[in-house]
Amino acid sequence: MAREGDVDESKRATLRRFAALGATSPLVGFAKESDSDAPDALVGYVAATPGAHFSKIRDDLQLGTGETQHHLRRLERDGAVESREDGEYRRYFPAGRFSEFERVALGYLRRETPRGMVIALLRDPEASGTALAERLGVSAPTVSKYASQLEEAGLLSREDGYRLERPEALLLLLVQHADSFGPEAAELAADADDIVSYDP
């Protein structure tokens with residue numbers, strides 16, 4: 001079991017790491033009114049993990065709920081970050097950096113099954129719903145449910161099988177933020193040159 005001092009040191013190290021990212025951000029000036037590393041860490045974290053929802057930000061930075069709310073509210077008020085509702089989540093982004101399509105896409109790419117579907121369709125544009133279910137280890141109804149959501153969000157067409165809308169934009173988001181999406185996205189980024197000629 002971790003001792004309290006170890007937990008505090010882990011929190012400080014995490015905040016310092018993301019604060020270093022925040023300190024190199026063009027938005028650095030927004031976080032300077034506080035003696036805490038938390039504002040810079042939040043700016044750095046949101047820049048590195050755009051589309052992360054509130055609970056993930058709070059937990060990854062090991063902050064309290066009230067502390068996270070306070071600093072994010074201030075950063076949003078000051079124009080450093082922006083947020084959008086996404087079902088039961090509120091997702092955060094660096095202010096002015098992403099289009100509405102990109103913000104919606106990032107919200108879905110932060111979810112494991114939709115992200116897996118997008119990656120699979122980038123690799124194999126002809127993949128069927130059954131093939132996607134097998135590849136992702138989920139049921140066909142699960143794939144169908146998320147396909148419906150992705151279609152409603154403007155990321156997928158189901159007119160003739162499954163076809164990604166704006167696949168180059170989706171690939172670019174995955175490549176640019178691959179480290180924050182996990183190993184499958186990192187592998188995709190390594191193969192991006194072969195996929196970039198994608199032609200549905």
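Visitor: Is Phe93 buried or exposed, and how do I read that?

Guide: Buried means under 20% relative accessible area, exposed means over 50%, and partly exposed is in between, using a 1.4 Å probe and protein chains only. Phe93 has 0% relative accessibility, so Phe93 counts as buried. Phe98 counts as buried because its relative accessibility is 8%. Bear in mind that this is a predicted model, where local features need pLDDT of at least 70, side-chain atom pairs count only at pLDDT 80 or more, and totals for chains, interfaces and linings use all residues. Residues are numbered from 1 along each chain as its sequence is written, and side-chain values use heavy atoms, with hydrogens and water left out.

Visitor: How many aromatic pairs does the structure hold?

Guide: Rings of Phe, Tyr and Trp (its six-membered ring) pair if their centres lie within 6.5 Å; planes under 30 degrees apart are stacked, over 60 edge-to-face, and the rest tilted. Here there is one aromatic pair. The ring centres of Phe93 and Phe98 are 6.3 Å apart and the planes stand at 65°, so this pair is edge-to-face.

Visitor: Which charged residue lies over the face of Tyr108?

Guide: A charge sits over a ring if NZ of Lys or CZ of Arg is within 6 Å of the ring centre and within 35 degrees of the ring normal. For Tyr108 that residue is Arg111, at 4.5 Å from the ring centre. Over the ring of Tyr146 you'll find the charged end of Lys145, 4.6 Å from the centre. Tyr108 also has Ala153 9.0 Å away in space, C-alpha to C-alpha, though the two are 45 residues apart in sequence.

Visitor: Where is Ala153 found?

Guide: Helices (H or I, at least four residues) and strands (E, at least two) are DSSP runs, numbered from the N terminus. Ala153 is in the loop between α8 and β3 (156-157). With a relative accessible area of 24%, Ala153 is partly exposed.

Visitor: Which residues have the most contacts inside the largest nonpolar core?

Guide: In soluble globular proteins, nonpolar side chains tend to be buried together. A nonpolar core is a set of buried Ala, Val, Leu, Ile, Met, Phe, Trp, Tyr and Cys residues joined through side-chain atoms within 4.5 Å. In this model the largest one has 35 residues, and Leu122, Leu132 and Leu174 have the most contacts inside it. Among the elements giving two or more residues to this core are α5 (100-109), α6 (112-123), α7 (129-136) and α9 (167-176). Another core, of 16 residues, lies apart from it and includes Ala41 and Leu72.

Visitor: How do α6 and α7 cross?

Guide: Axes are lines fitted to C-alpha atoms, for helices over the stretch in contact, and angles run from 0 to 180 degrees between N-to-C directions. The axes of α6 and α7 come within 10 Å and cross at roughly 120°. That makes α6 oblique to α7 (under 35 degrees is roughly parallel, over 145 roughly antiparallel, 65 to 115 roughly perpendicular, and the rest oblique).

Visitor: What about α2: how many of its residues are buried?

Guide: Helix α2 (residues 38-48) is mostly covered, with nine of its 11 residues buried. Among them are Pro39, Asp40 and Tyr45.

Visitor: What is the phi of Gln62?

Guide: Gln62 has a positive phi of about 55°, although it is not a glycine. Look for Gln62 in the loop between α3 (54-60) and α4 (65-77). Arg166 isn't a glycine either, and its phi is positive at about 50°.
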